[in-house]
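Please find below some comments on the model that you sent for review. They are set out as numbered points.

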Amino acid sequence: MSSIFTKIVEGEIPARVVYEDETTMAFLDANPLAPGHTLVVPKAEYERLNDVPPDVAADLYATLHELVPAVEEAVDADATTVAFNNGEAAGQEVPHVHGHIVPRFEGDGGGPIHAIAPGSPDLSDDELDGIADEIESRA
Ligand code: AMP
(Lines give C-alpha, C1' and ligand atoms only; values in the text may rest on other atoms or scores of the structure.)
Protein backbone atom coordinates (compact mmCIF):
# COMPACT_ATOMS: atom_id res chain seq x y z
CA MET A 1 0.00 0.00 0.00
CA SER A 2 1.26 3.47 -0.87
CA SER A 3 2.27 5.81 1.94
CA ILE A 4 0.30 8.98 2.48
CA PHE A 5 3.28 10.91 1.10
CA THR A 6 3.31 8.83 -2.08
CA LYS A 7 -0.35 9.77 -2.47
CA ILE A 8 0.67 13.44 -2.17
CA VAL A 9 3.50 12.95 -4.69
CA GLU A 10 1.05 11.33 -7.11
CA GLY A 11 -1.54 14.06 -6.60
CA GLU A 12 -4.11 11.68 -5.12
CA ILE A 13 -4.50 13.75 -1.98
CA PRO A 14 -4.00 17.48 -1.64
CA ALA A 15 -1.05 19.19 0.01
CA ARG A 16 0.48 22.65 0.06
CA VAL A 17 3.42 21.81 -2.17
CA VAL A 18 6.20 24.39 -1.92
CA TYR A 19 8.87 22.71 -4.05
CA GLU A 20 9.16 19.90 -6.57
CA ASP A 21 11.87 18.52 -8.82
CA GLU A 22 12.47 15.19 -10.53
CA THR A 23 13.27 13.20 -7.40
CA THR A 24 12.14 15.25 -4.39
CA MET A 25 9.19 17.24 -3.15
CA ALA A 26 8.45 19.55 -0.19
CA PHE A 27 5.09 20.45 1.30
CA LEU A 28 3.70 22.01 4.46
CA ASP A 29 3.14 19.68 7.41
CA ALA A 30 -0.59 19.22 8.00
CA ASN A 31 -0.12 19.54 11.78
CA PRO A 32 2.57 22.21 12.00
CA LEU A 33 4.74 22.61 15.09
CA ALA A 34 5.33 26.19 13.95
CA PRO A 35 4.20 28.34 11.01
CA GLY A 36 6.15 27.14 7.96
CA HIS A 37 6.80 23.59 9.26
CA THR A 38 7.78 21.85 6.03
CA LEU A 39 8.44 18.23 5.10
CA VAL A 40 10.99 17.27 2.45
CA VAL A 41 10.60 13.82 0.87
CA PRO A 42 12.12 11.68 -1.86
CA LYS A 43 9.35 11.08 -4.40
CA ALA A 44 10.10 7.37 -4.40
CA GLU A 45 9.05 5.59 -1.24
CA TYR A 46 11.86 4.51 1.11
CA GLU A 47 11.11 3.78 4.73
CA ARG A 48 14.35 4.74 6.43
CA LEU A 49 17.30 6.98 5.68
CA ASN A 50 19.58 4.01 5.09
CA ASP A 51 17.18 2.68 2.44
CA VAL A 52 17.67 5.78 0.28
CA PRO A 53 20.21 5.25 -2.52
CA PRO A 54 23.17 7.68 -2.46
CA ASP A 55 22.12 9.70 -5.53
CA VAL A 56 18.63 10.29 -4.12
CA ALA A 57 20.11 11.06 -0.68
CA ALA A 58 22.24 13.75 -2.34
CA ASP A 59 19.13 15.17 -4.04
CA LEU A 60 17.26 15.11 -0.73
CA TYR A 61 20.03 17.03 1.01
CA ALA A 62 20.19 19.52 -1.84
CA THR A 63 16.46 20.18 -1.46
CA LEU A 64 16.80 20.60 2.31
CA HIS A 65 19.72 22.95 1.69
CA GLU A 66 17.59 25.09 -0.62
CA LEU A 67 14.41 24.97 1.45
CA VAL A 68 15.86 25.81 4.88
CA PRO A 69 16.65 29.46 4.05
CA ALA A 70 13.45 29.74 1.99
CA VAL A 71 11.34 28.61 4.95
CA GLU A 72 13.23 30.80 7.42
CA GLU A 73 12.79 33.88 5.25
CA ALA A 74 9.15 33.14 4.46
CA VAL A 75 8.09 33.13 8.11
CA ASP A 76 10.83 35.42 9.44
CA ALA A 77 12.22 32.66 11.67
CA ASP A 78 15.37 33.10 13.75
CA ALA A 79 16.49 29.51 13.17
CA THR A 80 15.25 26.06 12.22
CA THR A 81 15.36 22.60 13.74
CA VAL A 82 15.97 20.14 10.89
CA ALA A 83 15.41 16.50 11.78
CA PHE A 84 14.39 13.03 10.65
CA ASN A 85 12.51 10.60 12.85
CA ASN A 86 14.30 7.52 11.52
CA GLY A 87 12.33 4.42 12.54
CA GLU A 88 9.25 3.75 14.61
CA ALA A 89 11.13 3.67 17.93
CA ALA A 90 12.31 7.19 17.16
CA GLY A 91 8.77 8.41 16.59
CA GLN A 92 8.51 7.94 12.82
CA GLU A 93 4.81 7.62 12.04
CA VAL A 94 4.84 7.80 8.25
CA PRO A 95 7.07 5.04 6.77
CA HIS A 96 8.30 7.24 3.92
CA VAL A 97 11.53 9.14 4.65
CA HIS A 98 10.88 12.80 5.38
CA GLY A 99 12.98 15.60 6.78
CA HIS A 100 11.20 18.07 9.05
CA ILE A 101 12.11 21.75 8.74
CA VAL A 102 10.65 23.38 11.87
CA PRO A 103 11.01 27.15 12.06
CA ARG A 104 12.26 28.39 15.43
CA PHE A 105 11.86 31.77 17.05
CA GLU A 106 13.72 33.40 19.93
CA GLY A 107 11.83 32.54 23.10
CA ASP A 108 9.46 30.07 21.40
CA GLY A 109 9.74 27.75 24.40
CA GLY A 110 10.82 24.76 22.33
CA GLY A 111 13.87 22.67 23.15
CA PRO A 112 16.99 21.56 21.30
CA ILE A 113 17.45 18.12 19.71
CA HIS A 114 18.95 17.08 23.08
CA ALA A 115 15.44 17.30 24.58
CA ILE A 116 14.43 14.06 22.80
CA ALA A 117 16.41 11.90 25.25
CA PRO A 118 15.38 11.29 28.87
CA GLY A 119 18.96 11.93 30.03
CA SER A 120 22.58 11.24 29.24
CA PRO A 121 23.84 7.65 29.71
CA ASP A 122 26.81 7.33 32.05
CA LEU A 123 29.45 5.72 29.82
CA SER A 124 33.03 4.92 30.81
CA ASP A 125 35.98 5.78 28.55
CA ASP A 126 36.29 2.07 27.70
CA GLU A 127 32.64 1.87 26.69
CA LEU A 128 32.95 5.03 24.58
CA ASP A 129 36.10 3.64 22.88
CA GLY A 130 34.27 0.36 22.19
CA ILE A 131 31.26 2.11 20.68
CA ALA A 132 33.46 4.35 18.53
CA ASP A 133 35.34 1.28 17.26
CA GLU A 134 32.10 -0.55 16.46
CA ILE A 135 30.81 2.40 14.44
CA GLU A 136 34.14 3.10 12.72
CA SER A 137 34.47 -0.54 11.63
CA ARG A 138 31.08 -0.33 9.88
CA ALA A 139 31.39 3.13 8.29
P1 AMP B 1 6.83 11.57 11.63
O2 AMP B 1 6.35 11.43 13.04
O3 AMP B 1 8.27 12.05 11.56
O4 AMP B 1 6.56 10.34 10.79
O5 AMP B 1 6.03 12.78 11.02
C6 AMP B 1 4.92 12.64 10.17
C7 AMP B 1 4.44 14.03 9.89
O8 AMP B 1 3.59 13.97 8.78
C9 AMP B 1 3.65 14.66 11.04
O10 AMP B 1 4.28 15.88 11.43
C11 AMP B 1 2.27 14.88 10.43
O12 AMP B 1 1.69 16.07 10.87
C13 AMP B 1 2.58 14.92 8.95
N14 AMP B 1 1.48 14.54 8.08
C15 AMP B 1 0.70 13.44 8.18
N16 AMP B 1 -0.19 13.40 7.16
C17 AMP B 1 0.05 14.51 6.40
C18 AMP B 1 -0.54 15.03 5.22
N19 AMP B 1 -1.55 14.42 4.60
N20 AMP B 1 -0.02 16.19 4.71
C21 AMP B 1 1.00 16.81 5.32
N22 AMP B 1 1.59 16.36 6.44
C23 AMP B 1 1.12 15.23 6.99
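1. Basis. This is a predicted model, in which local features need pLDDT of at least 70 and side-chain atom pairs count only at pLDDT 80 or more, while totals for chains, interfaces and linings use all residues. Residues are numbered from 1 along each chain as its sequence is written, and side-chain values use heavy atoms, with hydrogens and water left out.

2. Fold. The protein chain holds three helices and five strands, in the order α-β-β-β-α-β-β-α along the sequence. Helices (H or I, at least four residues) and strands (E, at least two) are DSSP runs, numbered from the N terminus. The C-alpha trace spans about 50 × 40 × 25 Å along its principal axes. Of the 139 residues in the protein chain, 29% are buried. Here buried means under 20% relative accessible area, exposed means over 50%, and partly exposed lies in between (1.4 Å probe, protein chains only).

3. Ligand shell. Which residues of the shell are closest to the ligand? They are D29, N31, E93, H98 and H100, out of 16 residues that surround the ligand. A residue is counted as near a molecule if one of its heavy atoms lies within 4 Å of it. By residue class, the shell divides into eight nonpolar, six polar and two charged residues. Helix α1 (4-9) and strand β2 (24-28) each supply at least two residues of the shell. The largest share, three residues, comes from α1.

4. A backbone N or O atom of A30 lies 3.0 Å from a ligand nitrogen. A ligand oxygen lies 2.9 Å from a polar side-chain atom of N85, and a backbone N or O atom of G91 lies 2.9 Å from an oxygen atom of the ligand. Taken alone, the ligand exposes 510 Å², and the protein buries 84% of that. Accessible areas come from the Shrake-Rupley method with a 1.4 Å probe; for residues, only the protein chains shown count as cover.

5. Salt bridges. How many salt bridges are there? The count is three, where a salt bridge is a side-chain nitrogen of Lys or Arg within 4 Å of a carboxyl oxygen of Asp or Glu. One joins the side chains of E20 and K43 at 2.8 Å, N to O. This pair links distant parts of the chain, 23 residues apart, with E20 in strand β1 (residues 17-20) and K43 in the loop between β3 (38-42) and α2 (54-75). E20 is partly exposed, at 48% relative accessibility.

6. The other two bridges. In the pair D108 and R104, the closest N and O atoms are 2.8 Å apart. D108 is partly exposed, at 36%, whereas R104 counts as buried, at 17%. R138 pairs with E134 at 2.7 Å between the closest N and O atoms. R138 and E134 both lie in helix α3, four residues apart, about one turn of the helix. R138 is exposed, at 64%, and E134 is partly exposed, at 45%.

7. Nonpolar surface patch. L123, L128, I131 and I135 form a nonpolar patch with about 340 Å² of accessible area together. Patches are made of residues with over 30% relative accessible area and no salt bridge, like charges being joined within 9 Å and nonpolar side chains (Val, Leu, Ile, Met, Phe, Trp, Tyr) within 5 Å. I131 belongs to helix α3 (residues 125-138) and is partly exposed, at 40% relative accessibility.

8. Single residues. D76 has a positive phi of about 55° although it is not a glycine. D76 sits in the loop between α2 and β4 (79-83) and is exposed, with a relative accessible area of 64%. The side chain of T24 makes a polar contact of 2.7 Å with the side chain of T63.

Conventions:
Polar contact = N/O pair within 3.5 Å; in protein donor to acceptor, adjacent residues only side chain to side chain. Nonpolar A, V, L, I, M, F, W, Y, C, P; charged D, E, K, R; others polar.
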